[in-house]
Amino acid sequence: MTKKSGWNFDNSYARLPKVFFSNTNPTPVSAPELVKINEPLAAALGLNVEELKSEDGAAVFAGNSIPEGATPLAQAYAGHQFGHFTMLGDGRAVLIGEQITPQGDRFDIQLKGSGRTPYSRGGDGRAALGPMLREYIISEAMHALGIPTTRSLAVVTTGEEITRETYLPGAVLTRVAASHLRVGTFQYAARWGSIDDLRALADYAIKRHYPAIEKAENPYLSLLEEVIKRQAMLIAKWQLVGFIHGVMNTDNMTISGETIDYGPCAFMDKFDLATVFSSIDREGRYAYGNQPNIGVWNLARLAEALLPLLDDNEEQAVTLAQEKLSDFAGLFKANYLEGMRAKLGIFNEEEQDTALIEGLNKMMQKYGADYTNTFLALTFDKPEETAFFGTSEFNEWNELWQARLGRQKESKENSQELMRNSNPSVIPRNHRVEEALEAAVEEGDYSVMERLLEVLSSPYEHTPEKKEYCTLPAPSTHPYRTFCGT
Ligand code: AMP
Ligand code: MG
């Protein structure tokens, strides 16, 4: 079965010191049923889609059968959740192994919602169907938008109910990631491991994600530098599409630079720096406009964990770490400006671009403009469709923008093409996602979700069928809210 399915595991994480994991099998479920499989991803991983769709295939995704070569384990990690440090670990997830693709790439295959582990604390180790489908939809949308992310390979229902505020159908999501190493994994090592454990973890992270720095003068300092670079790039990409992660706890920040943990995340409709969706984020810690600040805060926690490896002299280690952390703001800004210039059809760099971009953001904020649709209106030369059309601010801003475009050698057509390739025609709008989930979970009708996934898979193609996915939700008296602990 394994051979035909294409599973090809090599489990390097299981060779790390024992403190980093607990060998744990998933807990079998009563009646697994495959409700979604990601065929292109399966093929890219070297898996046989038809085999995966069989009863035996679904049994693997449910945790009922362990494929040959798998070494199921739950990972230990810690994390700052809303600023408070705690011991965490995979409370409801099991890494079944690392799939080596036909190209020789390595990906973690993790079951999420697969039962209790030694790190479950009070939890049941399970997940509900709605949130697992939601992670599937949003992570795949992020991938199509060109944003580094964990992927979703499959969702199975378990045939069992789980208890939340009500009874909900249970499900298991198969998550695929460059790795599940987190800032919190290093915090765990620094707090509960020995210095050798910490070094082993850092060496492992370097080998797996940043092999080019293995021979660097101070590889651990280079590791910090590389993670800072990747996170600055990642968070800039979030800002550019209006993605709000919602729970940027240190255990939800990867070392690889992939977006992870689609809990209370959502895309912003109206541009507002203060946008939060998470029901428990009362202080706005993880608000849209605060994501870069939280990013660097989390990276400071990584730096702290790495201190003993950076230099034998603690003061010197702190100085080195601070230097690297101070680069974050500039790196973030450079990535953000590069993306924003493209969204505005600008090819080269000018000093005044920052002011031009800030001017647009201010207008969007003041007039409550829809973020995605504003850029679409500008792309297709329909300023009359923006919320600020006809205002003196817009007239002034537009003059500056047109003059700016005129000062580059590329033609208007080139600019428009750049804008089409940089401004998504469609994002997973909350009301659309909810509608798809409701049909699937309440009626067992997956067609709404399939259509949504289809349009979300090509966000930079501006085809007529995308139009209806650009419409805003009907005005509601309640702000959209998402929930943790799903
Ligand atoms: P998350 O909010 O998904 O990042 O999860 C935070 C921590 O809580 C992680 O250690 C999860 O493994 C754990 N957790 C979340 N839900 C459950 C659950 N139902 N049972 C056990 N642990 C859970
Ligand atoms: Mg998490």
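Modeller: Gladly, and let's begin with helix H4, whose buried residues are Gly 57, Ala 58, Ala 59, Val 60, Phe 61 and Ala 62. Please keep in mind that this is a predicted model.

Colleague: What makes H4 largely enclosed by the rest of the structure?

Modeller: A residue is called buried when its relative accessible area is under 20%. Six of the eight residues of H4, which covers residues 55-62, are buried, so the helix is largely enclosed. Those buried residues pack against helix H3 (49-53) and against several strands, including S2 (33-37), S6 (93-100) and S7 (106-112). Strands S9 (151-163) and S10 (167-177) are also among the packing partners.

Colleague: What follows H4 in the chain?

Modeller: Gly 63 does, with a positive phi near 85°.

Colleague: Which residues have a positive phi although they are not glycines?

Modeller: Arg 121 is one of them, with a phi of about 50°, and Asp 261 is another, with a phi of about 75°. Arg 121 sits in the loop between S7 and S8, while Asp 261 belongs to the loop between S11 and S12.

Colleague: Is Arg 121 buried or exposed, and how do you know?

Modeller: Exposed means over 50%. Arg 121 has 53% relative accessibility, so it counts as exposed. Asp 261 has 17%, so it counts as buried, given that the cut-off for buried is under 20%.

Colleague: Now to the charges. How many salt bridges does the structure hold?

Modeller: It holds 32 salt bridges.

Colleague: Why is the contact between Asp 10 and Arg 106 called a salt bridge?

Modeller: The term asks for a side-chain nitrogen of Lys or Arg within 4 Å of a carboxyl oxygen of Asp or Glu. In the pair of Asp 10 and Arg 106, the N to O distance is 2.9 Å, so the pair meets that limit. Asp 10 lies in the loop between helix H1 (2-5) and strand S1 (21-23), and Arg 106 in strand S7, so the bridge ties together parts that are 96 residues apart in sequence. Both also belong to a network of salt bridges, in which Arg 15, Glu 98, Asp 108 and Arg 208 take part too.

Colleague: How do you know whether Asp 10 is buried, exposed or partly exposed?

Modeller: Asp 10 has 25% relative accessibility, so it counts as partly exposed. Arg 106, at 29%, is also partly exposed.

Colleague: Where does the pair of Asp 353 and Arg 341 lie, and what makes it a salt bridge?

Modeller: The closest N and O atoms of Asp 353 and Arg 341 are 2.6 Å apart, and the limit is 4 Å, so the pair qualifies. Asp 353 is in helix H12 (residues 353-367) and Arg 341 in helix H11 (residues 328-343), twelve residues apart. Asp 353 has a relative accessible area of 1%, so it is buried. Arg 341 is buried as well, with 9%.

Colleague: How many of the residues count as buried?

Modeller: Of the 486 residues, 57% do. And among contacts between residues at least 6 apart in sequence, 72% join residues at least 24 apart.

Methods
Residues numbered from 1 in each chain as written. Chains lettered and ligands numbered in written order. Predicted model: local features only at pLDDT ≥ 70, side-chain atom pairs only at ≥ 80, totals over all residues. Heavy atoms only, no water. Buried < 20%, exposed > 50% of the residue type's maximum accessible area, 1.4 Å probe, protein only. Contact = heavy atoms within 4.5 Å. Helix = DSSP H or I, 4+ residues; strand = E, 2+ residues; numbered from the N terminus.
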